Every structure is written in C-alpha cells, then in structure tokens.
Amino acid sequence: MTIVRTAAAAAEVARAFAALKVERDRVESRTMREMFAADPSRFSRLSLEVDGLLLDYSKNRLDAQTLVALLGLARAAEVESHRDSMFACERINVTENRAVLHVALRAPKDATFMLDGVNVVDEVQSVLEAMTDFAEGIRSGAIAGTGGAFTDVVNIGIGGSDLGPAMVTRALSPYHDGPRLHFVSNVDGAHIHDTIAGLNPATTLFLVASKTFTTIETMTNAATARRWIVDALGEAAVGAHFAAMSTALDKVAAFGIDVKRAFGFWDWVGGRYSVWSAIGLPVMIAIGAKDFRSFLAGGHAMDVHFRDTPLDRNLPVILGLVGIWNRNVLGFPAKAVLPYDQRLLRFAAYLQQLDMESNGKRVTLDGSAVTQQTGPLVWGEPGTNGQHAFYQLLHQGTDVIPADFLVAATPHEADDVHHHLLLANCFAQTEALMRGRTTDEARAELAAEGKAPAEVERLAPHKTFPGNRPTNTILYRLLDPFTLGRLIALYEHTVFVQGAIWGIDSFDQWGVELGKQLATQLLPMVEGKTSPDTRDASTAGLIRAVPRIRG
Ligand code: F6P
C-alpha cells in the first residue's frame, strides 16, 4: 500500500477528527460518575479481556458511541493496512527506507518474513541459537573468565541498548538464576565507576551493546571497561572478558572483540524495539534461554492478537484510540504510567523511549506539518510509592493527567497481606480519580468528624476532589516472562496505532541527532583546545565558567 497519506485520505481523517469533536461535546455534558450510575454494564461494555489480560478503559470520559467514532478514525487512517504493511515487510520507516520487523524477532521458527528474498526468521533463529550457547555457557561456567566462572555481567549500552534489557531483567527478577547483572549507560564517569567498584575483574564479563557501535557514550564506557580489564589482567584477557551485540560487526571486530562473541541483528530492528534481539542477551544470561523464549512467545502472542483481531476487540487498537481521545480530542498533554508492581520500576523509563522517541514527531511522512498534537509526555513511577509523592497533583492539580495503572492478580510472593493491600490501593486510586469528592461530600465528612460549621466551610474546598480524571487499568495474572512479553508488545503496537493515525514515521529518531552533533563540536571547547567564541553568549559563558568554578 501507499504509506504516505493521499489528500483524499487526509480529508477522511480530518472528517473523523471533526466527528470526534462533536462527540466530545456530547460526552462532556456528563461526568464519569454520572455515566457509571446511569449504565450498570459500563465495565463490561468498556473493558476487554484476552487470555487473562484485562484492559479496563471504562474510567475514561467516553462511552460506547464514542468508541464507534474512534473506530471510524482508525478506519479513516487505515490502521489495518498500515499494520498489514508492517507484517508484510514493507519499508514503512520511510525516512530511513527500512522495514520494521521486530515482530519477526519473536516469531516461531517456522514463520516466514521475506525481506529482499530472504526469510529473516532463519537469521533470527540462528542468532538466537548462538546466543543460547553463549548464555548457557556463561550460566553453567563452561564459558568462564580468567578467574573462573563469571559472577558479574555488565551491559554497556544506552537508549534501546540499555532500557529494554535493564527493565526486563529487573521485572523478571524471580526468574534470575544466572550471574549478577549490572547496566551502565550514562557517559557520566560516575556510572561505570560506581558499577565496577567492588567487582572482581577476573570474574566480570562486559557486554557492549550498540546497534551502530558508534554511540559515544557506549564507546567511551566500553573503552574505560577495557582499560580496567587490561590494567588488572593484561591485554590478553580482553577476549575472555568482552562480548558484543550490534548490527555493525565490522566495528565490533575493530574494537577487538572476537567475532565468535559478537551477536548480530539488523537495520530493521529499531533500537527501542531491540530487547527481543541480541540486545536481549543479558536477559537471557540472567533468566536462561527457556524463559527468554517464553518472553519472546508472549510478544508473539500479542502480535497475533494485533494482526488478527477485529479493531473493536483489539487491545493495542483500543488502548491507542483511548490515548488519541485523551490527547487530541480532550487535549491532555501528558500520560502517567503507574505500575503497581515494584519490579516494573523501570517500565515508565522504558515506555518513555518507546513512546516519546517513536511519536515525538512534528511532520507527517510526506514532510508536511502534522495537523494534530502527537505523542504525549510519558512519565511515571510504581505505586504505591507515587501515591506519597506526585499523586496529589493527579487528584487536585489544575492539569488532568490520564494514567495507566498496571497490576498483577497474583504476586510471586506467598504473602497475600501485601498483595491485597497493593490491589486495594491500585483500585482505590482509579476510583478516587474517577469519582472525586464533591464539596457537599467533603462538608458531610467534616461535619461527621465533629468540626464546627465555620471550620467545615474553611476546609471543604481543600478536601474537594474534582474527579472525572481518566485512567486505564491493565490487570494481568502474574509478571512472568510470557506476560511481560505480551505487555511490552501491547505498548509497542499501541504506539504503532497512534503513529499510523497521526501519519508520522514512528520508527526514526532524527530529533536526537542535533544535540549529538553539537556535543561533538563543543567537546574541544570544553577540553580547552579551541575557543568557544563562535557560540552564543550563554553556551560560551557556560563553557568559560567551568574552569573558573572548578577552581
Ligand atoms: O537516542 C538515539 C538512539 O539512536 C536510540 O534510538 C538508540 O536506542 C540509542 O541511541 C543507542 O544507539 P546504539 O544502540 O546504536 O548505541
């Protein structure tokens, strides 16, 4: 299909958005509280349960009629044919002229994804087998460091070469029975310094993870790690203590890493979609190849659901459309991600890259300005910690921040006391955000506490909650590898749906380039080798201030 939208198709999309604005005026005449009171079947109408994964989107400012209008938008934007183009290996990343095939990374062995006459699944499986041999060798001790079996593995990477494996490793800690894992990403020397302090070089393995193998942060940290190994163990030890994951295997070899320890992937894997590829090697070392395969299978299960399910029962489509409603029709600029699952500590950071690097775009595929706001600001922290930090703003602040709540029905821990409290808190928050508390209710509560009438009036405005604040709740059985794979793929496809509706390239990231280029130009000035006079007064002033303030 033609990926770039024709004028006629753009007009269809504009009409669908116009219909949604009319829909907004209808829906906004009632609060969610009123809508729940009027429709006892609201939860069953506005929730979807697929194989033990429940999406409750009933606590949004919409109803079944709104959903029909949203599905009309998805059809006008040809979401289904965009999706089919991705699965058909078309080059939908038009600015880089690349196919987008992270779905092939988690496809079964007998699947077919033909790109330029090659079934990429065969290549994927062959790398997975090589990763398995290496990971299991590390885990068993058959592949060891100069001082014996590896006790610690340090992944050096940034962005997609860090966030995915770091988030997944933490999320799957109950399955972690391999060596200790550490992640170094920041070029701030503090990161690698603090990470290797206390490690034994003779039993430490470094994984250098970089799609391009040029990223300055990763190359700088890798060089520091290399020096640390050489200083402690000698040049000859480098081979035993390094491995790499990259699409640029020639550059890996130039760094001095043995080709047998280099695990490749391909330009059709976006960095933020790469945890399923060789970039997932640290995860495989931590949890083993069998559980890693289960993680891939979970991603694949969501792919099949996304590919084959009608739009109105399709989890990523519904989640994506609700996001469009909140962002474009109701005009909310941000979205909070609030896992009630401590092991999803890094989930919001991971989603920040997935969503904001994918959909933080301002032109459509043909280079013209977008006609709608695109990706929201994504942020969050696990509950219940967030409740005691920023939820005040969610409940009573002047901005409305839609939020996704995620929680497991089953904990890994036997102790239900904690989990019942966790669930109660999670559901209480979405209820409070939806219902709020009217001023009359606040007054009644204060009076029941025995407050004097004047005190009741003084405090009531402070105790009033506007409510009507949108949330989704995603309830899953247990945070196991399969479920985590499904959850990540759910969000990947949600981002895809939204990018298709906005008509943007969700798979490039030109916006991170300018800062990188300027950093390269500024480095000799910071080093004192050239004058900063050519820069603006602020930048030059800051560069000059460093030696003065350094003292
Ligand atoms: O931040 C830009 C970016 O290109 C990301 O998309 C990518 O995940 C990250 O840098 C790291 O890139 P690489 O894996 O090539 O080192």
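A nonpolar core, as I use the term, is a set of buried Ala, Val, Leu, Ile, Met, Phe, Trp, Tyr and Cys residues joined through side-chain atoms within 4.5 Å. Buried means under 20% relative accessible area, exposed over 50%, and partly exposed in between (1.4 Å probe, protein chains only).

Ground rules: I am reading a predicted model, where local features need pLDDT of at least 70, side-chain atom pairs count only at pLDDT 80 or more, and totals for chains, interfaces and linings use all residues. Residues are numbered from 1 along each chain as its sequence is written, and side-chain values use heavy atoms, with hydrogens and water left out.

**Entry 1, the cores.** I looked up the largest nonpolar core and found 125 residues in it. Phe113, Trp268, Ile474 and Leu484 have the most contacts inside it. Helix 21 (residues 481-502) gives the most to this core, 12 residues; helices (H or I, at least four residues) and strands (E, at least two) are DSSP runs numbered from the N terminus. Domain 1 (7-90 + 309-435 + 469-508) and domain 2 (102-293) each supply at least three residues to this core, with bounds from an automatic or database domain assignment. Apart from it I found another core of 23 residues, including Ile192 and Phe213.

I found Ser506 in the loop between helix 21 and helix 22 (513-526). Is Ser506 buried or exposed? It is buried, at a relative accessible area of 3%. Beyond its neighbours within four places in sequence, Ser506 is in contact (heavy atoms within 4.5 Å) with Arg272, Tyr273, Ser358, Asn359, Lys361, Val495 and Gly499. I then checked Asn359: it is 147 residues from Ser506 along the chain, yet their C-alpha atoms are separated by 5.4 Å.

Helix 14 (residues 289-308) packs on helix 15 (residues 315-329) at about 75 degrees, with the axes 8 Å apart. Axes are lines fitted to C-alpha atoms, for helices over the stretch in contact, and angles run from 0 to 180 degrees between N-to-C directions. So I call the two helices roughly perpendicular, a label for 65 to 115 degrees. Met302, His305 and Phe306 in helix 14 meet Leu315, Pro316 and Val317 in helix 15.

Most residues other than glycine have a negative phi, and most peptide bonds are trans. I noted a cis peptide bond between Gly383 and Thr384, with omega about 10 degrees. Phe213 has a positive phi of about 55 degrees; this residue is buried, at 4% relative accessible area. Glu78 also has a positive phi, near 55 degrees, but Glu78 is partly exposed at 35%.

Definitions and conventions: Angles under 35 degrees count as roughly parallel, over 145 as roughly antiparallel, 65 to 115 as roughly perpendicular and the rest as oblique.
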